[in-house]
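Please open the model in the viewer and keep the selection tool at hand.

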Amino acid sequence: MTVAFTFPGQGSQAIGMGKDLAENFAEARAVFEEVDEALGEKLSDVMFNGPEDKLTLTANAQPALMAVSMAVIRVLEAKGLDLKAKVAYVAGHSLGEYSALCAAGTFSVADTARLLRIRGNAMQAAVPVGVGAMAAIIGLEHADVQAVCEEAAATGSCQIANDNGGGQLVISGEKSAVEKAAGLATDKGAKRAILLPVSAPFHSKLMAPAANAMREALAGVKKANPVVPLIANVRAAPVTDAEEIARLLVEQVTGQVRWRETVEWFGANGVTTLYELGAGKVLTGLARRIDKNINGVAVNGPGDIDAAIAALTA
């Protein structure tokens with residue numbers, strides 16, 4: 001069994017996430033307390049009890065999702081997991097890339113929380129509300145969606161933001177161009193083209209101010225090479241140098257999350273099991289659609305911990 005750890009992105013948040021971990025494990029409580037202290041507020045209270053609209057705010061959802069992922073990791077480590085010995089690679093979807101790097105020792109939990117708060121605020125502030133948009137395109141190949149974006153770009157900026165696999169791509173950019181591209185995609189035979197209820201056009205060129213903010217933030221933070229290679233979002237290939245990783249994290253703000261290619265890379269390089277650590281099961285579902293030979297396992301709460309440890313320490 002060759003194992004990779006994956007970490008969820010925005011959209012996987014839900015009220016109550018991490019609460020059962022905090023109630024059952026001191027190591028999980030310590031992570032939530034460390035994140036609260038780093039941010040100077042009780043984010044854990046919002047995670048456990050809501051309100052939902054506050055948790056959904058980008059600046060809260062990003063560090064909150066990382067906190068749950070790291071709570072799971074710390075509990076697994078307390079039960080005997082040696083990440084370097086048992087896990088071949090790490091990867092995360094968008095903000096999950098920061099969780100992956102925290103798990104692999106590139107950043108501390110406190111620094112990761114602060115970086116994600118900066119990232120969330122910067123992404124929200126980069127584009128005035130209503131100027132940008134994102135849309136999910138279901139049932140078209142990557143090349144067809146790329147062609148649609150290029151045609152719509154006459155109206156304004158429009159590009160592929162996420163290639164999630166299983167015929168699901170997300171486009172992002174100026175609202176008029178994204179709406180035009182969605183219409184063109186339907187004409188090309190897309191099963192669905194749905195405008196998404198997001199607050200900003202993530203992973204598009206319009207996020208350039210947020211990329212600049214992250215370049216500055218990452219330059220000032222202590223970082224170490226990850227103990228196992230990161231499969232980077234914008235490259236879908238392994239990276240092990242901390243400075244190069246920081247450059248790719250800046251590129252990721254305006255670049256494409258190449259998740260389908262990431263899972264395909266895992267399959268081509270001997271990975272047999274993908275563990276999704278943290279909130280939700282989105283990546284586990286995507287993995288099954290991309291490569292049926294890869295076993296996907298979500299580890300969310302106390303009930304998943306013992307089974308994961310038994311498999312990982314066998």
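What share of the contacts in the chain with a separation of 6 or more comes from residues 24 or more positions apart? Such residues account for 75% of these contacts, a contact being heavy atoms within 4.5 Å. The model is predicted, local features need pLDDT of at least 70, side-chain atom pairs count only at pLDDT 80 or more, and totals for chains, interfaces and linings use all residues. Residues are numbered from 1 along each chain as its sequence is written, and side-chain values use heavy atoms, with hydrogens and water left out.

**The whole chain**

The C-alpha atoms fill a box of roughly 55 × 45 × 35 Å along the principal axes. Of the 314 residues, 56% count as buried, that is, under 20% relative accessible area, whereas exposed means over 50% and partly exposed lies in between (1.4 Å probe, protein chains only).

**A cis peptide bond**

Next, select Gly50 and Pro51. A cis peptide bond with omega of about 5° joins them. Pro51 belongs to the loop between helix H3 (43-49) and helix H4 (52-56).

**Two residues with positive phi**

Proceed to His203, in the loop between strand E6 (192-195) and helix H11 (208-219). Its phi is near 55°, a positive value in a residue other than glycine. His203 counts as buried because its relative accessibility is 3%.

Then select Ala236, in the loop between strand E7 (230-231) and strand E8 (238-239). Here too phi is positive in a residue other than glycine, near 50°. With a relative accessibility of 8%, Ala236 counts as buried.

**Aromatic pairs**

Finally, show the aromatic side chains. The structure holds six aromatic pairs; rings of Phe, Tyr and Trp (its six-membered ring) pair if their centres lie within 6.5 Å, and planes under 30 degrees apart count as stacked, over 60 as edge-to-face and the rest as tilted. One of them joins Phe32 and Phe48, whose ring centres are 5.4 Å apart and whose planes stand at 90°, so the pair is edge-to-face. This pair links helix H2 (residues 26-39), which holds Phe32, to helix H3, which holds Phe48, 16 residues apart. Both Phe32 and Phe48 are buried.

Tyr89 and Phe266 form a tilted pair, 6.2 Å centre to centre with 40° between the planes.

How values were computed: Helix = DSSP H or I, 4+ residues; strand = E, 2+ residues; numbered from the N terminus.
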